[in-house]
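Have the sequence and the 3D view ready.

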2 protein chains.
Amino acid sequence: MKWHNKVTSLLNITYPVVQAPMLGITTPEMVAAVSEAGGLGSLPVGGLSADQTRELIRAVKSLTSKPFAVNLFAHSVPSSIDAAAFTAMQEFLTSFAAVNDITYVPPVQEMLRFHTYHDQIDILLSEQIPSVSFTFGIPEDEHIATLKNRGARLIGTATCVEEALLLDNKFVDVITAQGAEAGGHRGTFITEGNPPMIGTMSLVPQIVDAIRRPVLAAGGIADGGTMMAAMMLGAQGVQVGSAFLVCNESSAPNAHKHRIQNASSSDAVLTKNFSGRWARGIENKLMRAIGESGLATLPYPYQQSLTASIRSFAQQKDLTDFATMWAGQSASKAVRKPAAAIFQLLIQQAQTSFELIERHVQVKE
Amino acid sequence: MKWHNKVTSLLNITYPVVQAPMLGITTPEMVAAVSEAGGLGSLPVGGLSADQTRELIRAVKSLTSKPFAVNLFAHSVPSSIDAAAFTAMQEFLTSFAAVNDITYVPPVQEMLRFHTYHDQIDILLSEQIPSVSFTFGIPEDEHIATLKNRGARLIGTATCVEEALLLDNKFVDVITAQGAEAGGHRGTFITEGNPPMIGTMSLVPQIVDAIRRPVLAAGGIADGGTMMAAMMLGAQGVQVGSAFLVCNESSAPNAHKHRIQNASSSDAVLTKNFSGRWARGIENKLMRAIGESGLATLPYPYQQSLTASIRSFAQQKDLTDFATMWAGQSASKAVRKPAAAIFQLLIQQAQTSFELIERHVQVKE
């Protein structure tokens, strides 16, 4: 089974399968394993400093010479926030942490400095990154031009047709259609309110019809059958996240992995309590407590900073009650195997999915 | 292209395509046209009297001798409701109607009598209905046994794996997996709170894996490509609703049809403001006003009765601001053609979807 289409040629990969960038989960080892297997590993660096970005990129390069993507956050940081709301959330989290025996180091609002993709773009250029993916928005025209002039392929994220059209008009090479099933942050950037939550089955064909670029389907793509379903929708490739959540190379600790594997689809809820941006993850005590506090969440990345110390403590101690456990609606299918084995199984299943249809339907007389 | 699987044999149809029952939209003409084309038309009768049910069934029979399904609501009516909440909603709707020049005939709480499927089951038996589908719950064991003993095939609706397992254990013949993309009422019956909103891409494979019965995929199935995608997910058939919303046989008036065809996916929102049960439809003035009133909606079917007169007035005058416009996330793909032509195109597209994949991928070397 040989795959050859616009996605495989543009991204210079053997199979049109992108491993989704999962900040806090994805390691350089995961990225390298997927790229070595013939897909496109994605290194998430959203919000990191230039030095951290360079270090992670070099870690991947030490493990593979195959192409991989680096994933940026293309948001803008609000110039000002409601100081009273910041203090109220901080006070709530301080007492929540105390009651739950969590070491909490509250951020000082005046001291907060946030990295954006502007801090990282020179690193990406000097490291000659072949594919640059982004979410939460669109990089500025000059940055798009610079990256493209230096030969980088750009992959943007859309959660509705309107966003896909904006990306198309900016000459982004490949567009990821992120269906409502997807875990982690919604890539939404055209609305401040509730994000569009359009299922993959509806979103992918509509974006394919509307734009000129090849489309990657994301959201619910967990095995070869769902991959081939996405191809039937007109996608030319897929982005797979949750299926790699508990792989050997994932940095999730043990209890976290256990919780993911035992989640029902309804456990993966939409929240902005952790980061200030809408994201899908397994509901837990911290998520509920912030919701029940009745306090307004701060805009991203302020809310993210406010909860960071609790979530980091939980990650270190493997406390699922207080950790961020982003997960899609098919996350319970994830298995604890090397990423390469997960990848190879998916490719095999894609082929046999044709036989599945032939079992149920006689397609040709 | 010959289709033959458990769904086509159990339901005695040529193609594994069920037209979704859409109360207020589906006419006997639509049901007959789909059954004549080789699919399974579905006549919605939820909440109707025995006489109305018989009359509609006979209208279908006068148009086709092919098998069709009759669709029941298997809910239970709350034994009591909050009288003050009922009055508050009624007063709100009375003034809303007055301001908007709508003739509103408020229901009198004490006079309300609701039909349930118990009133209809004898008609279904005497009319020898070949397939009985249901939503909002599971009929009682004795009714399941009676229907099955008389040769009827049962089709139940599940919105999560847990509901599918309950249906499986009751020996329901076919299970419709209703993904979050679907228009109209959610079939959810195991939870009182927010319904599980699991996308078709995640829900269908999980239900297929969990149960022994053949599965129909619903939600986002709007053409041949989405149909074949559903088959890739392990479904043995599909249920198609929105694609028939604006067909010639639809009872939707003109402006209503126009609004559906010009909807974006994000316009079809989840609400319980119209009926008291969660359903997906195009947002309009009535839906927003009830939401903004801050009043609690009454449980189904009380809220349904309270808003009925406004919605019926809107339907007659073709006022999209006040009508119920249930629609799925792919409803804008719907076209104004005879149902038979829509059906035949879908079947043709399903076949050519294989060629689409071959265009993008060389499946075999």
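The lining of the second largest cavity divides into four nonpolar, six polar and no charged residues. Here Ala, Val, Leu, Ile, Met, Phe, Trp, Tyr, Cys and Pro count as nonpolar, Asp, Glu, Lys and Arg as charged, and the others, Gly among them, as polar. Before we go on: this is a predicted model, where local features need pLDDT of at least 70 and side-chain atom pairs count only at pLDDT 80 or more, while totals for chains, interfaces and linings use all residues. Residues are numbered from 1 along each chain as its sequence is written, chains are lettered from A and ligands numbered from 1 in the order in which they are written, and side-chain values use heavy atoms, with hydrogens and water left out.

So what is a cavity? Rolling a probe the size of a water molecule over the atoms shows where empty space is left. On a 1 Å grid over the protein atoms alone, a cavity is a set of points where a 1.4 Å probe fits but cannot get out, and its lining residues have an atom within 4 Å of a point. Grid points are joined across faces, edges and corners, and the volume is the space filled by probe spheres set on the points.

Back to our second largest cavity: it holds about 40 Å³ of space. A:Gln206 is in its lining, along with residues of chain B, including B:Ala263, B:Ile282 and B:Ser332. How many cavities of 30 Å³ or more are there? The count is two. The largest has a volume of about 40 Å³, and among the residues lining it are A:Ala263, A:Ile282, A:Gln329 and A:Ser332. Its lining has five nonpolar, six polar and no charged residues.

Now find A:Ser202, which sits in helix 8 (residues 200–210) of chain A. Is A:Ser202 buried or exposed? It counts as buried because its relative accessibility is 0%, and buried means under 20% relative accessible area (1.4 Å probe, protein chains only). Leaving aside residues up to four places away in sequence, A:Ser202 touches B:Glu181, B:Gly220, B:Gln329 and B:Ser330, a contact being heavy atoms within 4.5 Å.

Finally, zoom out to chain A. Buried residues make up 61% of its 365 residues. Of its contacts with a separation of 6 or more, 69% are between residues 24 or more positions apart. Along its principal axes, the C-alpha trace of chain A spans about 70 × 45 × 40 Å.

Terms used
1 Å grid on protein atoms, 1.4 Å probe; cavity = no way out; pocket = protein on both sides within 12 Å on 5 of 7 lines; lining within 4 Å. Buried < 20%, exposed > 50% of the residue type's maximum accessible area, 1.4 Å probe, protein only. Helix = DSSP H or I, 4+ residues; strand = E, 2+ residues; numbered from the N terminus.
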